[in-house]
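I opened this notebook to keep track of what I looked up in a structure that was new to me. The entries follow the order in which I went through it.

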Amino acid sequence: MIRKSMELGFIILNPERDVSHLRHTWASVRRHYYGSEMVHILPKEADARDMKEHKELCPSTHRGGETEISMINKGFQKSKSEWCVIVKAGSQLRGDMNFRFATHMTDEKDIFFPIAVGTATDFIDASMNCLTINREFFKEIGDFAENTMWKSSEPDFNMFKMLWAGDALAKGGTFKAILGCYPR
């Protein structure tokens with residue numbers, strides 16, 4: 001059975017603590033996915049002023065750890081949505097991702113990642129921006145492995161993704177590349 005739509009919630013990562021980036025992505029989510037949950041994650045070093053400023057726009061603002069991986073893990077802990085979309089603050093989302101994903105969804109163990117023409121088509125090399133995972137399946141797999149020696153300034157997350165993908169595959173996960181969902 002093919003579903004026509006699916007409930008998406010958004011985990012917005014903001015490692016730069018830039019409120020204008022949050023505002024841009026927040027407006028994009030509101031425009032295309034009105035009523036969807038938004039969980040906003042700042043890095044551990046965010047101070048009280050940062051928290052206050054960001055909470056004025058997105059009340060569900062939380063501190064993550066020192067790395068973007070820890071921020072993703074915190075986002076999944078805080079989200080209540082059935083399906084969680086990881087979004088980098090500053091991204092402008094495309095509409096209808098929920099319909100595109102639903103068209104290809106077979107069960108809650110599907111893991112969707114966006115691709116664009118001329119970009120990587122495998123999960124390990126693809127962007128984490130707009131990676132979409134069922135929250136309960138993420139809990140079953142477990143958090144992305146984290147090593148605090150590798151900070152968020154590292155060029156990619158391939159090692160973390162490989163470790164996590166192995167666990168996801170062992171639990172029956174299916175990785176699906178979806179064209180046309182890559183953020184602008």
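How many salt bridges does the count come to by the rule I used? I took a salt bridge to be a side-chain nitrogen of Lys or Arg within 4 Å of a carboxyl oxygen of Asp or Glu, and by this rule the count comes to 8.

Before going further I noted that this is a predicted model, in which local features need pLDDT of at least 70 and side-chain atom pairs count only at pLDDT 80 or more, while totals for chains, interfaces and linings use all residues. Residues are numbered from 1 along each chain as its sequence is written, and side-chain values use heavy atoms, with hydrogens and water left out.

**Entry on salt bridges.** I looked up R17 and found that it forms a salt bridge with D50, with the closest N and O atoms 3.2 Å apart. R17 lies in the loop between β1 and α1 (19-32) and D50 in helix α2 (residues 48-57), so this pair ties together parts that are 33 residues apart in sequence. I called a residue buried under 20% relative accessible area, exposed over 50% and partly exposed in between, with a 1.4 Å probe and protein chains only. On that scale D50 is buried at 6%, whereas R17 is partly exposed at 31%.

I then turned to R135 and E136, whose side chains meet in a salt bridge at 3.1 Å, N to O.

**Entry on strand β4.** I read β4 (residues 83-88) as mostly covered, since 5 of its 6 residues are buried. I counted two strands as paired if DSSP finds at least two bridges between them. Strand β1 (residues 8-13) pairs with β4 in the parallel sense over 6 bridges, and L8 stands opposite W83 there. β4 and β6 pair in the antiparallel sense over 3 bridges, with V85 opposite T132.

**Entry on helix α6.** Which residues of α6 are buried? I found N158, F160, K161, W164, A165 and A168. After α6 I noted G172, whose phi is positive, near 95 degrees.

Methods:
Helices (H or I, at least four residues) and strands (E, at least two) are DSSP runs, numbered from the N terminus.
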